[in-house]
Amino acid sequence: MDTSGKDDSSFGYEVVLTQSDKSTPCCPHGPTLLFEKVRKDGERGRRFYACSACRDRKDCNFFQWEDEKISEARLLAREAENKLKRPLYSQQQCVARFRQFLSQPTDEKKFCGDCQTLLLPDEISEHASHSCLSVSASQLRRPSVLLRPLVDKKSNAQYLFTERTSRFLLDTLVAMGYHKVLCVGTPRLHEFIKLGNLETWKSKPLKSLLLDIDFRYAQFYSQDEFCHYNMFNHHFFDSEASSAVLQAFLSERNGEKVVMVADPPFGGLVRPLANSFSLMSRTWTTLQNAFSPEHSAECNADMPMIWIFPYFFEPRILECFPTFSMLDYQVDYDNHSLYKHGKTGRKQSPVRLFTNITAAHFVLPQEEGYRFCDICKRYVCSLNQHCAKCNVCPSKDGRQWRHCSLCEKCVKPSWQHCQSCGRCALPDHLCDRSNTGKVGCFHCTSLDHKRSACPLKHISSSKRGGKKKGSATRCPVKTKRNTNKAAVL
């Protein structure tokens, strides 16, 4: 669902977090979320249900007013549509098929690239016109390489960790003494753990459980290794069986420490994600109290968590999890053109680790330019210099920030103090926007409408002879305009 507002009087849409029950309508992605429109004057609009996982109606067009009465015929039609969109095989059937697949001769082990399916011998002829290839044992251990990544950034985007990031996370968790890793939307890390068990930790293997909305991974893992899960509404599609698997995994019997590593789609809403992670943490706490009642007073802490998200979401994440801190480590991805390690300036990866684990426990690699700050007691990037006035290493984006005495805080190096606005901002920002509180149009800069209503939104700036000047005035500091979107982050 698109969460941008439709008119100038609206802030947009807010999620109303409620406990899902039988009355909550469901779409193919599980129980829907309740939204309401919030206006600047505090007035709240009519509530409605929409898909939890998809913010774009093109991906899931479910919509229902909260107070809308649904006929029996429509409910039956909706249930029939949901059934049609379920996977062809159940997870139990996928496990049985995988066992049968492994028993086949090497030359008969085929994978259909068009259908993204492992083929049994009697199915190969049906896919004769498709792009099929033979798969080896090593390829079966790397399903994230074999499968085609999903690329919808608003629902189920699959940006897969590079080997650098996977190795760092894995080595760090092992050094901290964790024995179980709950991989939420991190199939590449799940793979590396299983590969490490075969190559490195044969005597004392790590345990890993993958929770992911991409059911294709059910073809490669047992029911104790994979659960079909929607992290936006904390929904297990195979509810009873998967819930039992999760509870068994979260229990720390025999001193097996658990940690959660989550890598949600960057277009996802923070509050629903935080609610799901809180529910998992609550389950973990309940299990620790049940197995160690004599230490129940000590078991009120949250489950150790690592949430991987862009740094500019820090205020929203800290609002939900005040005990979290953001690390300077830059996460990079194999299949993302921008989020790569080794770039400089604004082109650096903005993805960071948010965690409730003590920051000093994360030893960032010095060969990549990280250093330890004795004052902050954590590792920071080399350009993140400690500010004596703020008493913190302030940089969020990997560049060296500078202290503004007028704002009494550190700001990005590209920002300058604007006397009209009374704050630091980009040199070519629109002063009147900050003074009036109006957002205006990001396409033509007019304050009279938003981009969605802009009459010139389908015309490029080159065709219309440059951007139209709105009623707002430019900041008096003259500078060459930077069109890099990362500059505003």
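1. The secondary structure of the protein chain comprises 10 helices and 23 strands; helices (H or I, at least four residues) and strands (E, at least two) are DSSP runs, numbered from the N terminus. The model is predicted, with local features requiring pLDDT of at least 70 and side-chain atom pairs counted only at pLDDT 80 or more, while totals for chains, interfaces and linings use all residues. Residues are numbered from 1 along each chain as its sequence is written, and side-chain values use heavy atoms, with hydrogens and water left out.

2. Overall figures. Of the 489 residues in the protein chain, 47% are buried, where buried means under 20% relative accessible area, exposed over 50%, and partly exposed in between (1.4 Å probe, protein chains only). The chain exposes about 25200 Å², of which carbon and sulfur atoms supply 51%; accessible areas come from the Shrake-Rupley method with a 1.4 Å probe, and for residues only the protein chains shown count as cover. Among contacts (heavy atoms within 4.5 Å) with a separation of 6 or more, 57% are between residues 24 or more positions apart.

3. The eight-stranded sheet. An open sheet of 8 strands has the order E13-E12-E11-E10-E14-E15-E17-E16, with mixed pairing; two strands pair if DSSP finds at least two bridges between them. Strand E13 (235–236) and strand E16 (325–326) each have a single partner strand, so one side of each lacks a neighbour in the sheet. Helix H6 (residues 187–199) packs on this sheet and touches strand E10 (180–184), strand E11 (207–212) and E14, its direction making about 160° with that of E11. Such angles run from 0 to 180 degrees between N-to-C directions, the axes being lines fitted to C-alpha atoms, for helices over the stretch in contact.

4. Pairing within that sheet. E10 and E11 are parallel and share 5 bridges, with Val 181 opposite Ser 208 in E11. E11 also pairs in the parallel sense with strand E12 (residues 226–230), over 3 bridges, and Leu 211 stands opposite Cys 227 in E12. E11 is mostly covered, as 5 of its 6 residues are buried. Strand E14 (residues 258–262) and strand E15 (residues 305–310) run parallel and are joined by 3 bridges; Met 260 has Met 305 in E15 as its bridge partner.

5. Nonpolar cores. A nonpolar core is a set of buried Ala, Val, Leu, Ile, Met, Phe, Trp, Tyr and Cys residues joined through side-chain atoms within 4.5 Å. The largest has 92 residues, and those touching the most other members are Leu 182, Val 184, Leu 211, Phe 277, Met 280, Trp 307 and Ile 308. Helix H8 (residues 270–291) gives the most to this core, with 7 residues. A second, separate core of 6 residues includes Val 15, Phe 35, Phe 48 and Ala 50. In soluble globular proteins, nonpolar side chains tend to be buried together. Not counting residues up to four places away in sequence, Trp 307 touches residues including Ala 262, Pro 264, Phe 277, Phe 321, Arg 352 and Phe 354.

6. The three-stranded sheet. A further open sheet has 3 strands in the order E8-E7-E9, with antiparallel pairing. Its edge strands are strand E8 (117–119) and strand E9 (132–134), each pairing on one side only. Direction ignored, neighbouring strands of this sheet are turned by 35° against each other on average. Strand E7 (residues 110–112) and E8 share 3 bridges in the antiparallel sense, and Cys 112 has Thr 117 in E8 as its bridge partner. Helix H2 (residues 91–102) lies across E7 and E8, at about 45° to E8.

7. The E18–E19 hairpin. Strand E18 (residues 370–373) runs antiparallel to E19, with 4 bridges between them, and Tyr 370 stands opposite Cys 381 in E19. The two strands form a hairpin with 4 residues between them, and Lys 377 in the turn has a positive phi of about 60°. Both faces of E19 are covered: Arg 378 and Val 380 on one side, and Tyr 379 and Cys 381 on the other, are all buried.

8. Arg 378. Ala 359 lies 19 residues away along the chain, yet the C-alpha atoms of Arg 378 and Ala 359 are separated by 5.5 Å.
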